Amino acid sequence: MNRVQVNVIGAGLAGCECAYKLANAGIKVKLYEMKPVKKSEAHKSDDFAELVCSNSLKSENITNACGLLKKEMEILESLFIEAAYLARVNAGQALAVDRDKFSKYITDKIKSNKNIEIIYQEVENLEELDGISVIATGPLTSSKLMENISKLIGNESLYFYDAAAPIIEADSIDMNIAYEMDRYSNEDGGDYINLPMNKQEYLKFYNELINAKMANRHEFDNIKLFEGCMPIEEMAKRGEKTLVFGPLKPVGLDNPKTHEKNYAVVQLRPENSKKTMYNMVGFQTSLSFPEQKRVFSMIPGLENANFIRYGVMHKNTYINGGKLLDSNFCLKNNNNIYFAGQISGVEGYVESAASGLMVAVSIIERLKGNSIKFPDNTMLGSLANYISTENKNYQPMNANFGIIRPLELKIKDKKLKYEKLANIAIDSIEKLKKNLE
Ligand SMILES: Cc1cc2nc3c(=O)[nH]c(=O)nc-3n(C[C@H](O)[C@H](O)[C@H](O)COP(=O)(O)OP(=O)(O)OC[C@H]3O[C@@H](n4cnc5c(N)ncnc54)[C@H](O)[C@@H]3O)c2cc1C
């Protein structure tokens, strides 16, 4: 494969992972990075693979979805994981790293690889690059390149602001309190899950909501708030009854089991066709993650809710992968262009690096004349599946057990269930690795 060359744009988490894997398979890589000449509002270091915010790579436990993802990446010899273990600092259950050590390790590995040519340049026009290109320029992709990408894929497929509501794992909702029903259907059963509140419960929740702590806003997060994506806490501050006449209105949602009228109802909309995850309708929010957990868990039925992803409001450029990408992260209408990292529709440090790894493996196999599909009983394959499946509420996705292929036989105990899913996934990745050799 010596004569083949691949362009990787962006030496962030996804770009470095992808470039390194390709280079180790004997493929020549041109890695373009605009730092240090130009830096986004969040990037500060001159090194590659910068962790722009927290230094946590989440849990290491394989019964945690992100822990399982890391394990799968480790099996596939990920540079990101190698660096994380080398740079780890003590942080209880989580794998946290010394960010400078982590980035330096990856930067040194990239710089010393003879198959990687580093070009310090902002890429503005993809048409100037020959052959296969991987766009791994992240959620803060430079605006000139973004304009060029939007011409390529069409404006309507691009999103700039992430105003996302939290997503909850279905199994963690207390269905003794909640009921399934669509508004005005008057029938037991329906697509939505409803969480009823009496006046006392509502007021308790309301008072905590309007006084809850916001997430730290970055200076570039000067978002103009549109009515359509007003954070729930901002809306609540307009008056005690605003939510009751808005997203929490109870009309047409009388409890079909008890026929009681409710004071307020929180609705949960299925996030996927298997109904393993639910989105909190109207709950886009700027609250800090711990505050979301604390305040939203006060809603009856969500006391033990597992938040698969929290709500966010920040600048976050990503493409509508479900419409545009295949499960190898390749554009459906241009097989020379791949997307990796947050811009593809995965969410998070580990997930971004994981997508870079998958893109590299796909390209390596393609150049050998093979095709590959990461199995949907693995966390890697589930992310690939998610980003390439059409969904009218398409939003970046973290690793979570709601997207993995469910077990044929249901297991009620959550820990046992995750253990079983994790063991199946690990087996599956081990087999895949053997096939790739
Ligand atoms: C403010 C902020 C905070 C976040 N905090 C967290 C967190 O705490 N935990 C978490 O798990 N996730 C977090 N994320 C989400 C996400 O995981 C990170 O953004 C992650 O770094 C994405 O990896 P990436 O490889 O896709 O992009 P990046 O790591 O951002 O890498 C992209 C690279 O491309 C370069 N680049 C951009 N445009 C061009 C161009 N035109 N030409 C050449 N190079 C270019 C950039 O300089 C950068 O080095 C955060 C995101 C943001 C925006």
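Predicted model: local features only at pLDDT ≥ 70, side-chain atom pairs only at ≥ 80, totals over all residues.
User: At what angle do H1 and H10 pack, and how far apart are their axes?

Analyst: Let's take helix H1, residues 13-24, and helix H10, residues 349-367. They pack at about 30°, and their axes are 7 Å apart.

User: Are H1 and H10 roughly parallel or roughly antiparallel?

Analyst: Angles under 35 degrees count as roughly parallel. H1 and H10 pack at about 30°. Their crossing is right-handed. The two helices are therefore roughly parallel.

User: By class, which residues make up the contact of H1 with H10?

Analyst: On the H1 side you'll find Leu13, Ala14, Glu17, Cys18, Lys21 and Leu22. They meet H10 residues including Tyr349, Ser352, Gly356 and Ile364. Sorted by class, the contact has twelve nonpolar, three polar and two charged residues.

User: Which strands stand at the edges of the open sheet?

Analyst: The sheet has three strands in the order E3-E5-E4, with antiparallel pairing. Two of these strands have a single partner each, so one side of each is left without a neighbour in the sheet. Those edge strands are E3 (56-59) and E4 (88-89).

User: Which residue in E5 stands opposite Arg88?

Analyst: E4 and strand E5, residues 94-97, run antiparallel and are joined by two bridges. Opposite Arg88 stands Val97.

User: Which helix packs on the sheet?

Analyst: Look for a helix that touches E3 and E5. Its direction makes about 105° with that of E3. That's helix H2, residues 65-75.

Note on methods: Residues numbered from 1 in each chain as written. Heavy atoms only, no water. Axes fitted to C-alpha atoms, helices over the stretch in contact; angles between N-to-C directions. Helix = DSSP H or I, 4+ residues; strand = E, 2+ residues; numbered from the N terminus. Parallel < 35°, antiparallel > 145°, perpendicular 65-115°, else oblique. Left-handed = near helix turned anticlockwise from the far one by under 90°. Contact = heavy atoms within 4.5 Å. Nonpolar A, V, L, I, M, F, W, Y, C, P; charged D, E, K, R; others polar. Pairing = 2+ DSSP bridges.
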